[in-house]
Amino acid sequence: MNLNTTLLALLLCMLSLFRVSGQDCSQPNAQFDFPLGTTQFCEGAIVEIRNLVADENPVACVDFMILKWGDGIIDSFPDYDNKIHVYDISDSLACASDLPPEYEIEMTVVYKNGNRNRIIKVISIFPKPVANFFTESPVCPSPIPLCMMKEACWDSLWNWSVRPLAGGPVTNYSEEQPCHPFAEVGSYEVTLIASNICPVDNMLQSDTARQTVQVIEAAQANAIALDGVLDPTADTLVVCLGGGGKVNLNGDSLSTNETSYIWDALTNTRNYDWMV
């Protein structure tokens, strides 16, 4: 093989990097769109993208594609099928703003000769509600209603229930922050189902939070088990007064150098003594 032949072969090899079967492989073009024609979606719903790479590129030039969904998930594939993804928004991200979180979807098309091109499109995801609330526990029996302090976000509908764990009728509420009278001693499960309606497709989205409220009689430790056994390490007691009032007694605020506590609580009906 003479020098001219060698140079010609080298030139043909270089040209093959930019042409495959007579196709121009010098300018890749990444392209996709959304079949539904919208860039707004509901959390938990399927987000579909239509792969348009085959329409915009000589398929003989394409090696593979990379799709970054914007939430840390990356897909790599050689085919031209449509792709789907479902977004799961963390509670902290959902509650960080009153605006739906946005995600950058990035597609990169890679040619067999190494040339590549990318395109980025931004979508927004309407979050599911995050159910959360606070209510005091333990409490003393009282006809005065105890209010539930809602700490949820992205919620517009509420379904509350108060259920005695020992059995009995369940009380339901639909207001945002209801108040319920805990007049009887016992343990109660308070449940909040917070909901919203995603405006993209009118889909109902819900989340659930639960808390146990303990209603104690007279004087008991504030860390009390459901079976009524006092916490042997407790140094704080809750004393119920007439009319539903309550006093917290803390040994640390009254004693020094102590290793145990002897409590004596006298009510109008009983005398409570125990050592912790």
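1. In this predicted model, Cys25 and Cys61 are joined by a disulfide with an S to S distance of 1.8 Å. The link between Cys25 and Cys61 is left-handed, with -70° about the S-S bond. It connects distant parts of the chain: Cys25 belongs to the loop between β2 (23-24) and β3 (32-33), while Cys61 belongs to the loop between α2 (53-56) and β6 (62-68), 36 residues apart. Both Cys25 and Cys61 are buried.

2. Cys95 and Cys153 form a disulfide with an S to S distance of 1.9 Å. The torsion about the S-S bond of Cys95 and Cys153 is about -60°, and the disulfide is therefore left-handed. This pair, too, links distant parts of the chain, 58 residues apart: Cys95 is in the loop between α3 (91-94) and β9 (102-111), and Cys153 is in the loop between β13 (149-150) and β14 (157-164).

3. The link of Cys147 and Cys179 is right-handed, with 90° about the S-S bond. Cys147 counts as partly exposed at 34% relative accessibility, and Cys179 is partly exposed with a relative accessible area of 29%.

4. Ala183 is located in the loop between β16 and β17 (186-198). With 42% relative accessibility, Ala183 counts as partly exposed. Which residues does Ala183 contact, leaving aside its neighbours within four places in sequence? Ala183 is in contact with Pro141 and Ser142. The C-alpha atoms of Ala183 and Pro141 are separated by 4.5 Å, although these residues are 42 residues apart along the chain.

5. Turning to the aromatic residues, the structure holds six aromatic pairs. One of them is formed by Phe32 and Phe34, whose arrangement is edge-to-face, with 5.9 Å centre to centre and 85° between the planes. Phe32 and Phe34 are both buried. Ring pairs link Phe32 and Phe34 with Phe41 into a cluster. The charged end of Lys121 sits over the ring of Phe32, 5.1 Å from its centre.

6. The rings of Tyr87 and Tyr103 make another aromatic pair: their centres are 4.6 Å apart and their planes are at 40°, so the pair is tilted. Tyr87 is in the loop between β8 (83-86) and α3, and Tyr103 is in strand β9; the pair links distant parts of the chain, 16 residues apart. Tyr87 and Tyr103 are both buried.

7. A lysine is also placed over the ring of Phe77. Lys83 lies over the face of Phe77, at 4.4 Å from the ring centre.

Note on methods: Residues numbered from 1 in each chain as written. Predicted model: local features only at pLDDT ≥ 70, side-chain atom pairs only at ≥ 80, totals over all residues. Heavy atoms only, no water. Disulfide = S-S within 2.5 Å. Helix = DSSP H or I, 4+ residues; strand = E, 2+ residues; numbered from the N terminus. Buried < 20%, exposed > 50% of the residue type's maximum accessible area, 1.4 Å probe, protein only. Contact = heavy atoms within 4.5 Å. Phe/Tyr/Trp six-rings, centres within 6.5 Å; stacked < 30°, edge-to-face > 60°. Lys NZ or Arg CZ within 6 Å of the ring centre and 35° of its normal.
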